[in-house]
Amino acid sequence: MRKFLLPAAIIVVASVVGVSWWYLSRDIDGSPSRSETANQPTHQLEQSGFEDTKTPGAVEHGTLTPEGVQSMSPFAPEHTILNIDCRMVSGKGAARGVAVLTLPTEDGVVFSVMDESGELTRGELDFRPNHVRIGRRPDGSTVYGFGDLRLNSKVFRPGDSDEPVRIYHDDLVIYETDKAWDFGVSHDASSFFAHEPSPGGTSRLIVRNLERGTQVEHELGPALTPVSDYSMEHASGYSLDGSEIVFRPAHADAAGNGVYWFYPVGDGRVRRVTVERYWAALLTSSEYGYYVDRPDDLDPEEVGDVWEVTARRLDPSTGDSADLWSTRLSVRKHYGLLSLSENGKWLGLSGWDYKVLDTENGETIFDFPYAGNPEAQLARLAPILAEGATEADLGTLSHMRFRGNYLVGYRIVGDASSCSKKSGGERLECLRDLRLRGLYGNFFDVYDMSTIELNGSPSFTTEVYRESTCMPASSGWKGLVELNGKLAFQPVRTIENVDESER
């Protein structure tokens, strides 16, 4: 069994969120979700259970003027839903029922925080954020933050540029800086962190525990300090259980190999672990991890598409690890990408096949032929397609991944190549025009993991609107709705009995 390599100066081993899970679990800075399918009018979608709401599925809007912004209290549905200038980010975990909307103004943005009941609070920023983080406390109050950072920015900015971050608890600012490289808010709003520069050209991690009302600062030294104006060697985020701040290797290895650093939110010691030589690795907490590699006892000509997936528990006191289970399975053209459901119960492997394993025992509970077999794809998707659909009606199956505790397949129907040379608002307008003319569509095929079968079909399909992140809610899926003449947010419905991780 391969070992973790631990320098003697580092205290103990901790596991972390691997590259694939860490990246996919974050709401990537307000970018639209790129999902896909076709309108199937004969398919009966599930009811959302949202009463007295309207879902304007064909309302089209242009740019909002500053005068229009000033007249809104709260954001008006007719100026918000499907506005291509609107940006919406929704929370995860305990914050799944909260969304933050922003609309541009001349100098920054106005924002609105809302849930199923409507608007909770609103405010203004003198910058335009490209990062939004959301948490919700047990008492219903919200902690949310905005950042305008070089991290994931679409335009080059030199290192001396301002990178503001502002974090709120309801309508009160609880943290503010003009220079931060990254920040995060835990889903349950029990803590937040910020990665800031320190005097002398190094950096520090600030972790504020909102439960205890305490703050800890860790000097990070040069290892975790950005070395150029373009990128960082490590990117930060929360571990799956929210107990640690994780600095993962940002660019060294997309399969999860490299050096990870862990800083406790509460009590505990700083830890470092190196993962190497695996085809893929995904670490989820200070005690668990999943690893994929070729079986050791097979000759190269026998291996083919056979992979060995192993779940391991780490012993922080010794640095050793013990296998919890190991299983062999076939995944054609496995890309090395792993994804994990929000509750940690299901592990997905991507390739020409997409397989889902039960993380308790390694059993394969779902298998989908994602590429190279349109006949099998049609058979699986037939229940959510129009009657008499053919392979031509499938569109292009882009990829599958977990969104929260649902497995979602992305499909594109139609051709948007005529918009490819456009940029910014012109491209969004082009995509909207194609959609309205019935020439192009993006869809989610949604699998309910509480009832999924090995060769099962999606529970339902729902259209999303690529030209705007401020989408109208459709049956069973998140988005904006009109509630008694005002705007509200409809979250994804909860999967009963399997939402919380038992790990």
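Q: How many bridges join β24 to strand β25?
A: First, a word on the model. It is predicted, so local features need pLDDT of at least 70 and side-chain atom pairs count only at pLDDT 80 or more, while totals for chains, interfaces and linings use all residues. Residues are numbered from 1 along each chain as its sequence is written, and side-chain values use heavy atoms, with hydrogens and water left out. Strands (E, at least two residues) and helices (H or I, at least four) are DSSP runs numbered from the N terminus, and two strands pair if DSSP finds at least two bridges between them. Here, β24 and β25 (residues 364-369) run antiparallel and are joined by 5 bridges. Lysine 355 stands opposite aspartate 367 in β25.

Q: Which residues of β24 point one way, and which the other?
A: Asp353, Lys355 and Leu357 point one way, Tyr354, Val356 and Asp358 the other, and all are buried. Buried means under 20% relative accessible area, exposed over 50%, and partly exposed in between (1.4 Å probe, protein chains only).

Q: How many residues does the largest nonpolar core have?
A: Such a core is a set of buried Ala, Val, Leu, Ile, Met, Phe, Trp, Tyr and Cys residues joined through side-chain atoms within 4.5 Å. The largest has 25 residues, including Met88 and Trp477.
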